[in-house]
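Visitor: I'm new to reading protein models. Could you walk me through this one?

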Amino acid sequence: MLSWLFPATCELCGENAELTVCPGCMQKLPRIPAPICLHCGAPTAGQQTDPDRCENCAGQPRPFLLARQALRQTDEVMQLIYQFKYHRGIHLARPLAQLLHELWEQTPHLRRHDDWVLVPVPVTQEKLYTRGYNQAGELARQLARLRHLRVMDLLERRDTGIISQTRLTATARRLNAMRAYRCRRPRFWQRRTTYPARLVLVDDVFTTGSTARACATQLRKLPGVKEVAVLCLVRIGA
Ligand SMILES: [Zn+2]
Ligand SMILES: [Zn+2]
């Protein structure tokens with residue numbers, strides 16, 4: 001009824017569409033081409049020593065099992081993300097979650113199990129207040145709907161009083177991220193002795209992986225958690 005009264009228009013081409021990115025534009029969004037690093041999802045030239053891992057991941061222990069990103073960074077993609085995050089673009093969560101759904105289908109390990117629980121990367125209370133929503137939370141909820149999974153808000157973001165991650169060097173980002181995320185302390189009536197074994201961390205962008213590492217490190221401390229995978233919309237710098 002609502003969609004009949006207010007037909008959606010595609011954010012990219014302006015045509016009327018059921019969702020705010022039409023199927024044609026969705027098809028054209030730039031996916032990450034194979035071969036990729038099986039660990040972090042980076043596109044590789046396929047010439048590194050270990051064919052399954054990029055030079056950055058070779059021989060490095062990682063707190064997450066695998067990380068995958070749906071799209072490459074292009075101006076168009078970044079504009080879409082910008083709309084989604086900063087311009088009340090909450091309606092974009094549905095079409096963007098379709099991309100994560102597609103990525104899931106292409107990731108054998110995710111398909112192998114059906115007991116995954118989605119965990120959004122949190123934002124600070126201040127951001128939540130000014131923006132009105134957590135973009136990662138909206139993505140997780142839409143993805144959960146598509147895949148019939150559960151979402152658990154297990155993490156919280158502390159306000160570390162440090163300038164935005166985007167302006168920091170790689171080492172500073174890593175330290176900042178490690179301080180910024182922690183597991184939510186459950187209310188006493190929700191206290192649990194065990195957590196789901198398999199978690200998928202959901203976020204919009206993947207830059208150096210420091211947020212994913214920090215969050216996965218925290219989640220793996222929870223009793224019962226065995227595997228943490230990471231799904232993000234865009235890989236920055238690829
Ligand atoms: Zn379109
Ligand atoms: Zn890698």
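**A walk through the model**

Helix 9 is mostly covered, with 8 of its 10 residues buried. A residue is buried if 20 or more other C-beta atoms lie within 10 Å of its own, exposed if 12 or fewer, and partly exposed in between, with C-beta atoms placed from the backbone. Helices (H or I, at least four residues) and strands (E, at least two) are DSSP runs, numbered from the N terminus. This is a predicted model: local features need pLDDT of at least 70, side-chain atom pairs count only at pLDDT 80 or more, and totals for chains, interfaces and linings use all residues. Residues are numbered from 1 along each chain as its sequence is written, while chains are lettered from A and ligands numbered from 1 in the order in which they are written.

Visitor: Which residues of helix 9 are buried?

Guide: Helix 9 has 10 residues, and 8 of them are buried. Here they are: Ser210, Thr211, Ala212, Ala214, Cys215, Ala216, Gln218 and Leu219.

Visitor: At roughly what angle do the axes of helix 8 and helix 9 cross?

Guide: Arg173, Arg174, Ala177, Met178 and Ala180 in helix 8 meet Ser210, Thr211 and Ala214 in helix 9; a contact here puts two C-beta atoms, placed from the backbone, within 7 Å. The residues of this contact split into 4 nonpolar, 2 polar and 2 charged (Ala, Val, Leu, Ile, Met, Phe, Trp, Tyr, Cys and Pro count as nonpolar, Asp, Glu, Lys and Arg as charged, and the others, Gly among them, as polar). Axes are lines fitted to C-alpha atoms, for helices over the stretch in contact, and angles run from 0 to 180 degrees between N-to-C directions. The axes of helix 8 (residues 170-180) and helix 9 (residues 210-219) come within 8 Å, and they cross at roughly 35°.

Visitor: What is the order of the strands in the open sheet?

Guide: Two strands pair if DSSP finds at least two bridges between them. Strand 3 and strand 9 are parallel partners over 6 bridges, strand 8 and strand 9 over 8 bridges. Strand 4 runs parallel to strand 8, joined by 4 bridges, and parallel to strand 5, joined by 2. Put together, the 5 strands pair in parallel in the order 3-9-8-4-5.

Visitor: Which are the edge strands?

Guide: An edge strand pairs on one side only. In this sheet, that gives strand 3 and strand 5.

Visitor: How many residues of strand 9 are buried?

Guide: Strand 9 is largely enclosed by the rest of the structure. That's because, of its 9 residues, the number buried is 8.

Visitor: How far does helix 4 reach from its first C-alpha to its last?

Guide: Helix 4 (residues 93-105) has 13 residues. The expected span is 1.5 Å times one less than the number of residues, which comes to 18 Å here. The model is close to that, with a reach of 18 Å.

Visitor: Is Gly46 buried or exposed?

Guide: Gly46 sits in the loop between helix 2 and strand 3, and touches Pro35 and Pro51, leaving aside residues up to four places away in sequence. Because Gly46 has 9 C-beta neighbours inside 10 Å, it counts as exposed.
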